[in-house]
Amino acid sequence: MKHERGAYTLQEILGQFTSWEATLAGLADQEPEIRALVERWRVSDVAVCGCGSTYYLSLTAASAFQSLVGIRAQAFPASELWLFPAACHGKDSFGLLVAVSRSGETTETLQAVRTFKARGDGPVLAITCVQDSALARETSHCLTAKEAQEVSVVQTRSFTSMLLTAHYLAGLMADRPDYLEKLRSLPAHGRRVATLAHTQIAEIGRSQAYNKLFFLGSGPNFGLACEGMLKMKESALSHSEAFSFLEFRHGPMSLVDRATLIVGLLSDTAREHELAVLQQMKDLGAATLVLADTEENASLGADISIGLDSGLSELVRGPLYLPLLQLLAYYRAVSRGLDPDRPRHLTAAVVL
Ligand code: F1P
């Protein structure tokens, strides 16, 4: 049978809300066990690591651990923890390593875990999609979003499902049942937002008016902006970059012209500052696509605006931005004649 370009990717993007539900249900079943671990560990700091998408996930997860749990949390590319452990740890070790890998087979992530264990640092917890993976075997504790595993090489539903897992862990560490309750509302919001915004996103994704794409996000949204940037590269072979909002003025804005699309993921905390950046880039000729919680916020400084209407805080609503960024890359890829299911030069895991 003829393979339709991007068929798996599209199905995995649009079906991810079912994976979110299954992941959250699995976590609720394991809650007593995870609570007991968290209670036993009582860590005051955590390192989070991964590669590619899972490194970007680590960035936003570290932000959640830090702001929700109030502990020191730092994200690292797994290769840095493996090859430059002293530069990552400094004098003090981290109390816990959270190692994130969809496949559980990525060499750098396995090596980061081995290095951490050899130094005699604290416990290691894996977040993966594959129960029977090398990572799961290397670690004594593993949270598996197994329903989120994909056929496509690029991570879409696996990314968001593992991200929910990290948020859930943070919610348990912070002992915030209210936060867990809000996480449980995400699948319904996600389905609604993806349905509402699909046509609009498809139209922008198909547009050939842009040859430079920038993704801006601050705080917990920075890692998500990076993931939007990576989807564009992997699926649509398009030059894209991600920046923390205000960093964009410090040089990168010199690249802005009429062929530039800027995708802004608005926070609540820095909203006014972020809108000012977008307005300035619009004045310089860029087109702006703004994603915010309310349509009203999104429309300021925006050529195209999408309001999530979730009523959720900036931290918990983060995963809702992802399906839109994934769809944007999917439509750009397909309209350029590419197959996002099989991106050029890539394999699902890098095994060295
Ligand atoms: C990480 C990863 C992917 C990327 C690429 C190679 O894999 O870097 O993010 O898309 O295909 O692998 P994993 O460790 O999360 O399985």
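Me: In which strand is Thr288 found?
Reply: Thr288 is found in strand β9, residues 287-292. Helices (H or I, at least four residues) and strands (E, at least two) are DSSP runs, numbered from the N terminus. Before we go on, please keep in mind that this is a predicted model, where local features need pLDDT of at least 70 and side-chain atom pairs count only at pLDDT 80 or more, while totals for chains, interfaces and linings use all residues. Residues are numbered from 1 along each chain as its sequence is written, and side-chain values use heavy atoms, with hydrogens and water left out.

Me: What makes Thr288 buried or exposed?
Reply: The relative accessible area decides: buried means under 20%, exposed over 50%, and partly exposed in between (1.4 Å probe, protein chains only). Thr288 has a value of 0%, so Thr288 is buried.

Me: Which residues does Thr288 touch?
Reply: Leaving aside residues up to four places away in sequence, Thr288 touches Ile262, Leu278, Lys282, Gly301, Ala302, Asp303 and Ile304. Contact here means heavy atoms within 4.5 Å.

Me: Why is Val316 called buried?
Reply: Its relative accessible area is 1%, so Val316 belongs with the buried residues. Val316 sits in the loop between β10 and α14. Not counting residues up to four places away in sequence, Val316 touches Tyr179, Lys182, Leu183 and Leu186. Take Lys182: along the chain, Val316 and Lys182 are 134 residues apart, yet their C-alpha atoms are separated by 7.2 Å.

Me: What makes the link between Ser218 and Glu274 a polar contact?
Reply: A polar contact is a pair of N or O atoms within 3.5 Å; within protein, one must be able to donate a hydrogen and the other to accept it, and residues adjacent in sequence count only if both atoms are side-chain atoms. The side chains of Ser218 and Glu274 make such a contact at 2.9 Å. Ser218 lies in the loop between β6 (212-217) and α11 (221-236), and with a relative accessible area of 12% Ser218 is buried.

Me: How do you know that α2 and α10 are roughly antiparallel?
Reply: Good one! Two packed helices are described by the angle between their axes and the distance between the axes. Axes are lines fitted to C-alpha atoms, for helices over the stretch in contact, and angles run from 0 to 180 degrees between N-to-C directions. The axes of α2 (residues 16-41) and α10 (residues 186-206) come within 9 Å and cross at roughly 175 degrees. Therefore α2 is roughly antiparallel to α10, as angles under 35 degrees count as roughly parallel, over 145 as roughly antiparallel, 65 to 115 as roughly perpendicular and the rest as oblique.

Me: Which residues of α2 and α10 meet?
Reply: Phe17, Thr18, Trp20, Glu21 and Leu24 in α2 meet Leu186, Pro187, Gly190, Arg191 and Ala194 in α10. The residues of this contact divide into six nonpolar, two polar and two charged. In this grouping, Ala, Val, Leu, Ile, Met, Phe, Trp, Tyr, Cys and Pro count as nonpolar, Asp, Glu, Lys and Arg as charged, and the others, Gly among them, as polar.

Me: What makes Glu31 and Arg35 a salt bridge?
Reply: A salt bridge is a side-chain nitrogen of Lys or Arg within 4 Å of a carboxyl oxygen of Asp or Glu. The side chains of Glu31 and Arg35 meet at 3.1 Å, N to O, and qualify. They are four residues apart in helix α2, so about one helical turn separates Glu31 and Arg35. Glu31 is buried at 16%, whereas Arg35 is partly exposed at 31%.

Me: How many salt bridges are found in the whole structure?
Reply: The search finds 18. In one of them, Arg42 pairs with Glu39, the closest N and O atoms being 2.7 Å apart.

Me: Why is Arg42 called exposed?
Reply: Arg42 has 62% relative accessibility, so Arg42 counts as exposed. Arg42 lies in the loop between α2 and β1 (45-50), and its phi is near 40 degrees, a positive value in a residue other than glycine.
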